[in-house]
Amino acid sequence: MSNQAAVAAPKRSQSVWAASWRRLKSDKVGVFSMVVVALSLLLVLAAGLGLVARDWQKETGVPNAPPTFMGPAPAEAAGAIAQPKGPNVDLSDIDPLAPKYAEWAERAKQYKTDEAPRAQTLAFGADRLGRDVLAKAIKGAEISIMVGVLAALVATIIGTVLGALSGFYGGKVGDFLEWVYNVFTAMPNILLIFAFAVVFGRGVLPVVMILGLAGWTGIYRLVRAEFMKHSVREYVRSAEAIGASRSSRMFKHILPNVSHVALVQLSLHVVGFIKSEVILSYLGLGVSVDQVSWGTMLAEAQSELILGYWWQLAAVTGFMAVFVTAFALFTDALRDALDPKLRGLE
């Protein structure tokens, strides 16, 4: 055996994603927010599969039933109609149809259906029709969060592809895409959303397309700048020298190195698009009338609040506040973990 000491194998450096995950795990607020977001997404998935909030349209309680901790609403004695007492008056002399009333009542009993008793209180209360507010909030979370995530994906894909083409090719391609960008940014974003809403109409898919088409411009500018910066670096030049095609250089070499920008923008746009969907549905331009979202619940709660029924507004506000705040904190932690400028690597 040789007397020379065995040379230890060099330690393999961590990948970009492994290092980012290690930094993210060290952020306690980010981890807690990620858990809250994950649980919310699992709840949305369960609602989509019909495991929870399947009967949100069922009228399980009395109209405007209060939350359980408040107890049942007191009977309004002043509003009750006093029933007359004494024997029935013979109306046969003045009403020729009076003898038929008893016969019709007996026939009506044959077709009468027994209505299930309604609850006087529910966990989060009931709306004006007696529907469970908690089930509505869960089902509304499914629609609002699904719209936010899908619209953010559409906007991220459009912005990333157009930004990559503009930043890598430049020239006439870049000039044309810059003109398209300027056309979309010339109009205020909220007016652009309303214009698309008039064209596409109401529904989940139209709202996704509206928000996706109106929200890609910010991602486009950031991705375009990153591609312009990376397209002249040594590793891209080396790939060009060995015969790599343009598409290979764009999507196999540059895109993985700028994917953190698109990922962070994707997470940022989810929160913004959820708020936009709530505004559209609140104004009657969002989901259809047979669906429920946080925006439609806010529109209903506005009229109920005037009458003193505050629980639907409190429920939808609480659900929105928890998810949006957790997602925003998770986005900040994700950005700190992925962005090389914030990590001091560039």
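Predicted model: local features only at pLDDT ≥ 70, side-chain atom pairs only at ≥ 80, totals over all residues.

Q: How many helices and strands does the protein chain have?
A: Twelve helices and zero strands. Read from the N terminus, the elements go α-α-α-α-α-α-α-α-α-α-α-α.

Q: Back to H11, then. How many residues has it got?
A: H11 has 13 residues and reaches 19 Å from its first C-alpha to its last, close to the 18 Å expected at 1.5 Å a residue. That expected span is 1.5 Å times one less than the number of residues.

Q: Which residues of H11 are buried?
A: Trp-294, Gly-295, Thr-296, Met-297, Leu-298, Ala-301 and Glu-304. Buried means under 20% relative accessible area, exposed means over 50%, and partly exposed is in between (1.4 Å probe, protein chains only).

Q: What do the buried residues of H11 pack against?
A: They pack against H4, H10 and H12. A contact here means heavy atoms within 4.5 Å.

Q: What percentage of the protein chain's residues is buried?
A: Buried residues make up 39% of the 346 residues. As for contacts with a separation of 6 or more, 76% of them come from residues 24 or more positions apart.

Q: New topic: how many salt bridges does the structure hold?
A: Eleven. To count, a side-chain nitrogen of Lys or Arg must lie within 4 Å of a carboxyl oxygen of Asp or Glu.

Q: Which residues are linked with Arg-131 in a network of salt bridges?
A: Asp-127, Lys-136 and Glu-300 are in that network with Arg-131. Arg-131 meets Asp-127 at 2.8 Å, N to O, and both of these residues are buried. Arg-131 also meets Glu-300, at 3.7 Å, N to O.

Q: Which residue does Glu-226 form a salt bridge with?
A: Lys-229, with the closest N and O atoms 3.5 Å apart. Both lie in helix H8, three residues apart, about one turn of the helix. Glu-226 counts as buried because its relative accessibility is 12%, whereas Lys-229 is partly exposed at 27%.

Q: What covers the buried residues of H8?
A: The cover includes helix H4 (133-169), helix H5 (171-186), helix H9 (234-241) and helix H10 (246-282). Among the buried residues of H8 are Thr-217, Ile-219, Tyr-220 and Val-223.

Q: Now rings. How many aromatic pairs does the count come to?
A: Eleven aromatic pairs. One of them is Trp-216 with Tyr-220, which is edge-to-face: 5.7 Å centre to centre, 80 degrees between the planes. The rule is that rings of Phe, Tyr and Trp (its six-membered ring) pair if their centres lie within 6.5 Å; planes under 30 degrees apart count as stacked, over 60 as edge-to-face and the rest as tilted.

Q: Is Tyr-220 buried or exposed?
A: Tyr-220 counts as buried, at 0% relative accessibility. Trp-216 is buried too, with 3%.

Q: Which ring residues are linked into a cluster?
A: Phe-69, Tyr-309, Trp-310 and Trp-311 are linked by ring pairs.

Q: Last one: is Leu-42 buried or exposed?
A: Leu-42 counts as exposed, because its relative accessibility is 53%. Its place is in helix H2 (residues 28-48).

Key:
Residues numbered from 1 in each chain as written. Heavy atoms only, no water. Helix = DSSP H or I, 4+ residues; strand = E, 2+ residues; numbered from the N terminus.
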